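Welcome, and please open your viewer.

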Amino acid sequence: MRGRLFILALSGALFALGVVPAHAEKVRKLGEGEGVFRPVALAALPGIPLRDTLTSEQRSYLGIGAPGAITLGAVRGDLVVVEFFNSSCYACALMAPVMDQAWHSVEARADLKGRVRFVGIGVGNTLEQVREFHDRYDTPFPMLTDTEFTAFDTLGTVEGTPYLILLRRGADGTLTARAQVGYIPQADVVVAAVTAALADAPLADTTPREMAGAGWRTLKPPLSETELDARLVAAATEAGLPGATVAPVKVSADETFYRLSAGGKSLWAMVAGRAKVCNVCHDIFFIVVFDDSGVVVNFAPIAITKYKNVEFDEKDVAFLKGRVVGRLLSREIVFDPTVDAVSTATMSSALVFDTLRRLRETWASMVKAGLAKP
């Protein structure tokens, strides 16, 4: 008993001195960020046009004039707090009430009100999804859509959402930024970061970054070359081309597709890898097979997950294949989450459809270059 009392007394003394035992270190919850904001490169983000879905009151709050395309660089204020989120993101749902409270705290302070603006951007979300998210949490600040991942891609982060970025406007009008990924449990941490950012503009971060949405050009599936070839052959067989040989073809400076050939017939295959949308999700990988005329003839998952990072089952694959196979790359491809999304896999489904949209552009270039002959 005496020994136990000694240990308790020693522990109390250590805490009093600020010495925290290793086992007492804070364990972050799923999706929680460090709460530490670091300098990040802005690239073209301030000039990326976003769809104007704002009310006149919201436009006035952001200091934006006449209706039209909106850019973050045009938002008034010494500091712009930008929250990149996704309406299906677990950590974003936890972050929503924290951001609401942070906004109210900033608006209540005479030294911050008018100098700081908040805006949310729904990554890969439709207007309907953003509005539902906005209303669900009674968010007091404006939210915009980034349906085609354009703004989020510019950041070059593959860390996912929620991604909170603080844009600091210098005396000469130039913007610098600091950011952190993951939800922050306490609103006062956000407010403290805002206050610190206003007092101290960070050094510009010029670290080169790959665009997150371009992952299908840069992310490689967790397969060996032999395993990938086997997957491609299997995908060709499912598309009605058994016994195909696989040959890589450079279709652009940074894109390699595969030509699947057998019996005098050929198909194209793209191996896609897309960076995760939310910070607790997984990257996804899949194969899209299409013919020279731009008809999608097969969809074969390599690694695709849904809620709680559970792998797609046969029913999920069949559903998504039914929504994808038969699509024409010559026509506009638009994702409708109400009919195109696998249940509890809205983000993964959105990435598949966004990849098809991007593939449409590549296929048109292939036709122009004579690689595909519709």
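Start by colouring the protein chain by confidence. This is a predicted model, and the average pLDDT of the chain is 91, with 93% of the residues scoring at least 70. Now select residues 1–24: here the pLDDT is below 50, and this stretch makes five contacts in the model beyond its near neighbours in sequence.

Next, switch to a cartoon view. How many helices and strands does the protein chain have? You can look for 11 helices and 13 strands. Zoom out, and the C-alpha trace spans about 80 × 70 × 35 Å along its principal axes.

Then show the surface. The accessible surface of the protein chain is about 17800 Å², and carbon and sulfur atoms hold 56% of that area. Of the 374 residues, 50% count as buried. Among the contacts with a separation of 6 or more, 64% join residues 24 or more positions apart.

Now select C278 and C281 and show their side chains. These two form a disulfide, with 2.0 Å between their sulfur atoms. Such a link is a covalent bond between the sulfur atoms of two cysteines. Turn the view along the S-S bond of C278 and C281: the angle about it is 90°, and the link is right-handed. A search of the whole structure finds one disulfide.

Is C278 buried or exposed? C278 counts as buried because its relative accessibility is 1%, under the 20% cut-off.

Definitions and conventions:
Residues numbered from 1 in each chain as written. Heavy atoms only, no water. Disulfide = S-S within 2.5 Å. Buried < 20%, exposed > 50% of the residue type's maximum accessible area, 1.4 Å probe, protein only. pLDDT = per-residue confidence, 0-100. Contact = heavy atoms within 4.5 Å. Helix = DSSP H or I, 4+ residues; strand = E, 2+ residues; numbered from the N terminus. Areas by Shrake-Rupley, 256 points an atom, 1.4 Å probe, with all protein chains shown as cover.
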